[in-house]
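Visitor: Hello! Could you show me how to read a protein model, one feature at a time?

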Amino acid sequence: MDDLDQRLITLLRHNGRRSVSDLALELGVSRATVRSRMERLERSGDIVGYTVILRADAVSLPVRGITLIEVEGRAADRVVDALGGFPEVSAIHTTNGKWDLVVELGAASLTDFDAVLRRVRLIPGVIASETNLLLATPRSTRARL
């Protein structure tokens with residue numbers, strides 16, 4: 001992947017519906033070049049799809065955090081399923097080491113955030129957790145409105 005591919009992907013991350021003509025103009029290349037680059041990136045699996053980003057997904061909640069969760073025995077699938085039902089959970093990651101799951105959370109206030117943490121700790125199979133509040137996000141690949 002060269003510099004042109006990287007610049008093309010950056011533009012598509014900001015707006016995946018931009019026309020090939022607009023992309024070509026901004027990149028300073030022909031429409032055919034943009035079209036062939038996009039097709040090659042799709043074929044190679046570097047671009048796996050395009051999606052719609054809802055306002056609720058793009059507007060970050062004012063109180064955000066990362067919660068590390070230790071799961072009892074083989075309860076990870078049950079815990080992940082339970083967490084998937086929480087609207088405050090934006091991502092769930094499995095990991096290795098002391099913690100089994102890394103969960104990204106968001107809430108409208110510290111009180112709401114505390115309530116979510118209490119609900120997380122009540123999930124059967126959760127035996128320990130540690131949470132860090134996110135203060136700022138200097139860089140993210142998520143869309144911003």
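Guide: Gladly! Keep in mind that this is a predicted model. Let's start with a pair of helices: the axes of α1 (residues 3-14) and α3 (residues 31-44) come within 11 Å and cross at roughly 85°.

Visitor: How are α1 and α3 oriented to each other, and why?

Guide: Crossing angles from 65 to 115 degrees count as roughly perpendicular. The angle here is roughly 85°, so α1 and α3 are roughly perpendicular to each other.

Visitor: Which residues of α1 and α3 meet?

Guide: From α1, look for Leu4, Asp5, Leu8, Ile9 and Leu12. Their partners in α3 are Thr33, Val34, Arg37, Met38, Arg40 and Leu41. Sorted by class, this contact has seven nonpolar, three charged and one polar residue.

Visitor: What domains is the protein divided into?

Guide: There are domain 1, covering 3-44, and domain 2, covering 56-134. Taken over C-alpha atoms, the domain centres are separated by 36 Å.

Visitor: Now a single residue, please. Where is Gly125 found?

Guide: Gly125 sits in the loop between α6 (110-121) and β4 (126-134).

Visitor: Is Gly125 buried or exposed?

Guide: A residue counts as buried under 20% relative accessible area. Gly125 has 11% relative accessibility, so Gly125 counts as buried.

Visitor: Which residues is Gly125 in contact with?

Guide: Leaving aside neighbours within four places in sequence, Gly125 touches Glu70, Val71, Glu72, Ala75 and Val79.

Conventions
Residues are numbered from 1 along each chain as its sequence is written. This is a predicted model: local features need pLDDT of at least 70, side-chain atom pairs count only at pLDDT 80 or more; totals for chains, interfaces and linings use all residues. Side-chain values use heavy atoms; hydrogens and water are left out. Axes are lines fitted to C-alpha atoms, for helices over the stretch in contact, and angles run from 0 to 180 degrees between N-to-C directions. Helices (H or I, at least four residues) and strands (E, at least two) are DSSP runs, numbered from the N terminus. Angles under 35 degrees count as roughly parallel, over 145 as roughly antiparallel, 65 to 115 as roughly perpendicular and the rest as oblique. Contact means heavy atoms within 4.5 Å. Ala, Val, Leu, Ile, Met, Phe, Trp, Tyr, Cys and Pro count as nonpolar, Asp, Glu, Lys and Arg as charged, and the others, Gly among them, as polar. Domain bounds come from an automatic or database domain assignment. Buried means under 20% relative accessible area, exposed over 50%, partly exposed in between (1.4 Å probe, protein chains only).
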